[in-house]
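Please keep the sequence and the model in view while reading.

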Amino acid sequence: MSELSATHFLLLSAALFIIGMVGVLTRRNVLVIFMCIELMLNAVNVSLIGFAWELHQLTGQVFALFVIAIAAAEAVVGLGIVMALTRRADTVDIDELRQLRE
Amino acid sequence: MERTVDWLVVIPLAPLLAAIANFLFGKWWIRDRAHWLAVPAVGFSFLASVAAAWTVLGHHQLLRQPLYTWISAGEFQVPVELVIDELTAIMLLVVTGVSFLVHVYSIGYMHHDPGYYRFFAWLPLFVFSMVMLVLASNFLVLFVFWEAVGLCSYLLIGFWFRRRSAAEAAKKAFVVNRIGDFGFALGIMLLFTKVGTLEYQAVFEAIPRLSSGTVTTIALLLFTGAIGKSAQLPLFVWLPDAMEGPTPVSALIHAATMVTAGIFMVARAHPIFLASPLALWIVAVIGALTSFVAATIATTQFDIKRVVAYSTVSQLGYMALALGVGAWIPAIFHLFTHAFFKALLFLGSGAVMHAMHDELDMRRMGGLKRWMPLTYWTLVIGAAANAGIAPLAGFWSKDEILVSAWVGGAPLLALLGLAAAFFTALYMFRAVFLTFHGQPRFDPHQLHPHDPPATMAVPLVVLAIGAATTGFLGVPPEAGWIHHALEPVFESAAHHEVTLSLTLGLAIASTLVAFAGLWIAYAAYVRGTLSPAAVAARLGPFYRLAANGWYFDFIYQRYVVRPLDAAATWLWRSVDVGIIDGAVNGSARIVASTAQLWRRLQTGLVANYALMIALGTVVLVGAYLVFGSTLFR
């Protein structure tokens, strides 16, 4: 194995992203989907950091920090929605939450 | 001479403000105090008019006040400007003066009416519109307020709108007026296309440049408006029905002021009419026929207000006859005197109605003289003035019209007017005798008729004084005060030489005719030597013709209203429901069914949506990667 390069970062990032996306598409539990979305966000973070390392620039790192901050905010809102959902509908299965269709 | 002043605006402004205040705050706040605003406002307007008339008539000085430019479109300018010349000054005095008296009268008459505030909102609004109508300096402003008085008339005829007949009468008045207004509007448009301006002065200066055919068309179209508004043949049918409104409204609008707007307009536009002998001739013929037809109808009516209403139509016919023979000053003179005695007659019949608890049928009255001496004597003065008995107001002005018609080349029309004068005396005194003389044909123990309260009595007395004396403004004939006052306005009009013998001859003839009518009424309704029923039977078809209003309403109903009704129903059923509604509903149905189709995409499954997003991203990014170099340059 040669020296560490941007390709390695991108491969890791892509793998994480696809795992997250498949999770979002296949799982039924809102909480799991939520965690998968976090996984996708962090996959992006990995690629951003990888580019920052490759190009010797701080921009990517700063970007990653921003994404983490936004992910935190998103977690707050998302978990709040999940809480409200469980209280109202007493379920976290998204296949049962189809009221908007009507 | 002319002078620009800045206080003319208060004349229309005061009633307008009162109307707005009563309209906005009347229902919750002002209520029974509505007359506190309206009456002083109109009184103030009257005082300002007197001040203006003093300057204009006393010094022959034109007053004007530019207000603002209403329309400014390139060459086309419509300024709103108040102008008072001698004609306007006389009209202003009539309008604001009679209006003020009617306002005072209404305090007593409309007392306890739930719509009191509404009444005192529409009445000053009418005064405002009418004042603006006479103050206008161009045809467009005239037309706007011409329509505004029509609106006020509609509102006031339909004042008791819960009564079906009142609502119908209001609608009829509006629609019939609309027919005339249509012609009027066409006339104004034609005038504008030919002359390029609507300012009175500019139009009159341009008239000689137009061809005679054009001028005749314009004059006749303008006169169509006057036919509607001033209730001439064949559009007079709305006026008798307009009696459904409260009596002060009949007195103000349908006798003294609004209906004279048509006469005023023709007098105002006299240079146009003078340029077209044919149009003048038609005006004269329609006027004479109107005065005769309406007088015969009035003779057969039993509803006291309808008698007075047909009498109004008849007197307006006299004015149109005067206009038609170019006797502008006698026409305005008659308008002036008529305003007094006709308002008096209406307010007097209102007092009778008031005393008789809204009874209108003269067959259920009689002997009222005993209980209502003041009403009786004022009404006798009004009736005599209307019948043209010397030396009351109507005598002087009506006689002058007949003389003018005689020398103006229409002796036949003058004779028709003389015949109408006979019927005028007959129906006027028939009404007085039926109402006030003989034995009561009602139960006096139940009704207790009495003279009206002070607010109603004072206007009656003032108007009676006016009806008795205003005629002297035109004495001696052809050279009285009013002739000198109005002369500058009608300078261009031709003057006919009138001999003293002719004036005297016609005066004696019309007096004899009036006394003949009076005597027949006396014989039939007081002495009882002549049986009205026998006369009616003897006259047979003629009586039925008059009693049915010469079948005008019948003909309109059968040949105009009913076909229009049928056509409208057909349009509603087939075109409106079938085509227009069908198109709208059909397009809505198409949208709905298409939406049903697309709706299937919305599964409600979050996983599906997420998959769509992912696939979409893949497609977009893939497209970028494959075609990136060419597509997204």
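A search of the whole structure finds two cavities of 30 Å³ or more, where a cavity is a set of points on a 1 Å grid over the protein atoms alone at which a 1.4 Å probe fits but cannot get out. The volumes given here are the space filled by probe spheres set on the points, with grid points joined across faces, edges and corners. This is a predicted model, in which local features need pLDDT of at least 70 and side-chain atom pairs count only at pLDDT 80 or more, while totals for chains, interfaces and linings use all residues. Residues are numbered from 1 along each chain as its sequence is written, chains are lettered from A and ligands numbered from 1 in the order in which they are written, and side-chain values use heavy atoms, with hydrogens and water left out.

A pocket, unlike a cavity, is an open set with protein on both sides within 12 Å along at least five of seven lines, and lining residues of either kind of space have an atom within 4 Å of a point. In the table, Ala, Val, Leu, Ile, Met, Phe, Trp, Tyr, Cys and Pro count as nonpolar, Asp, Glu, Lys and Arg as charged, and the others, Gly among them, as polar.

| Space | Volume | Lining by class |
|---|---|---|
| Largest cavity | about 80 Å³ | nine nonpolar, two polar, no charged residues |
| Second largest cavity | about 40 Å³ | four nonpolar, two polar, two charged residues |
| Largest pocket | about 1000 Å³ | 24 nonpolar, five polar, four charged residues |

The lining of the largest cavity includes B:Ile304, B:Leu345, B:Ser349, B:Met428 and B:Phe436, and its largest share, five residues, comes from H18(B); helices here are DSSP runs of H or I with at least four residues, numbered from the N terminus. Around the second largest cavity lie residues including B:Phe395, B:Lys398, B:Asp399 and B:Ser510, with H17(B) giving the largest share, three residues.

The largest pocket has a volume of about 1000 Å³, and of the 33 residues that line this pocket, the closest to its centre are A:Val24, A:Ile33, A:Ile37, B:Val606 and B:Ala610. The elements that give two or more residues to its lining are H1 (6-26), H2 (30-55) and H3 of chain A together with H26 (606-631) of chain B, and H26(B) gives the most, with nine residues.

**A helix pair in chain B**

The axes of H15 (residues 328-355) and H20 (residues 454-469) of chain B come within 9 Å and cross at roughly 150 degrees, the axes being lines fitted to C-alpha atoms over the stretch in contact, with angles from 0 to 180 degrees between N-to-C directions. H15(B) and H20(B) are therefore roughly antiparallel to each other, a term for angles over 145 degrees.

**Two backbone features**

The peptide bond from B:Leu233 to B:Pro234 is cis, with omega near 0 degrees, and B:Pro234 is found in the loop between H8 (212-229) and H9 (238-241) of chain B. In chain A, Asp90 has a phi near 55 degrees, a positive value in a residue other than glycine, and A:Asp90 is found in the segment after H3 (59-89).

Conventions:
Parallel < 35°, antiparallel > 145°, perpendicular 65-115°, else oblique.
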